[in-house]
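Have a look at the sequence and the model first, then read on for the notes by topic.

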Amino acid sequence: MEGNFNIKMTQKLESEVSLMCNLSKGVEEKGIQKGRQEGRQERRDNSHGIHIKRTENCR
């Protein structure tokens, strides 16, 4: 950070930056999990819709 942003790196700042990185990784993982759950639910909903349509066409 010192070279790129002219900010003196201290142990406290390094610790805080590390904490922020860990928190952002947790937020990212939570978002990925939520997206996967929504995708699975959408596939289930779509597969039920296809099944219903096929049943209706058979009558």
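A residue is called buried under 20% relative accessible area, exposed over 50%, and partly exposed in between, with a 1.4 Å probe and protein chains only. E28, with a relative accessible area of 41%, is therefore partly exposed. Please keep in mind that this is a predicted model, where local features need pLDDT of at least 70 and side-chain atom pairs count only at pLDDT 80 or more, while totals for chains, interfaces and linings use all residues. Residues are numbered from 1 along each chain as its sequence is written, and side-chain values use heavy atoms, leaving out hydrogens and water.

**Overall make-up**

- The chain has two helices and zero strands; these are DSSP runs numbered from the N terminus, with helices being H or I of at least four residues and strands being E of at least two.
- Of the 59 residues in the chain, 0% are buried.
- The accessible surface of the chain comes to about 5800 Å², as given by the Shrake-Rupley method with a 1.4 Å probe, where for residues only the protein chains shown count as cover.
- Carbon and sulfur atoms hold 52% of that surface.

**Salt bridges**

- In general, side chains of opposite charge can pair when their charged atoms come close.
- A salt bridge here is a side-chain nitrogen of Lys or Arg within 4 Å of a carboxyl oxygen of Asp or Glu, and the count by this rule comes to three.
- E16 and K12 pair through their side chains, at 4.0 Å from N to O.
- These two residues sit four apart in helix α2, so about one helical turn separates E16 from K12.
- K12 is exposed because its relative accessibility is 60%, whereas E16 is partly exposed at 38%.
- K25 takes part in a salt bridge with E28, with the closest N and O atoms 3.3 Å apart, and in another with E29, where the closest N and O atoms are 3.7 Å apart.
- Which residues are linked in a network of salt bridges? K25, E28 and E29 are joined in this way.
- Along helix α2, E28 and K25 are three residues apart, which means about one helical turn; K25 and E29 are four residues apart in helix α2, about one turn as well.
- K25 has a relative accessible area of 45% and is partly exposed, and E29 is partly exposed at 35%.

**Surface patches**

- Patches are built from residues with over 30% relative accessible area and no salt bridge, joining like charges within 9 Å and nonpolar side chains (Val, Leu, Ile, Met, Phe, Trp, Tyr) within 5 Å.
- R36, R40, R43 and R44 form a patch of positive charge on the surface.
- For charges, Lys and Arg count as positive and Asp and Glu as negative, with His and the chain ends not counted; each charge is placed at NZ of Lys, CZ of Arg, CG of Asp or CD of Glu.
- R43 lies in helix α2, which covers residues 11-58, and R43 counts as exposed because its relative accessibility is 55%.
- M1, F5 and I7 make a nonpolar surface patch of about 290 Å².
- M1 comes in the segment before α1 (2-5) and is partly exposed at 39% relative accessibility.

**Contacts of L13**

- Where does L13 lie? L13 belongs to helix α2.
- Leaving aside residues up to four places away in sequence, L13 touches M1, I7 and K8, a contact being heavy atoms within 4.5 Å.
- L13 has a relative accessible area of 21%, so L13 counts as partly exposed.
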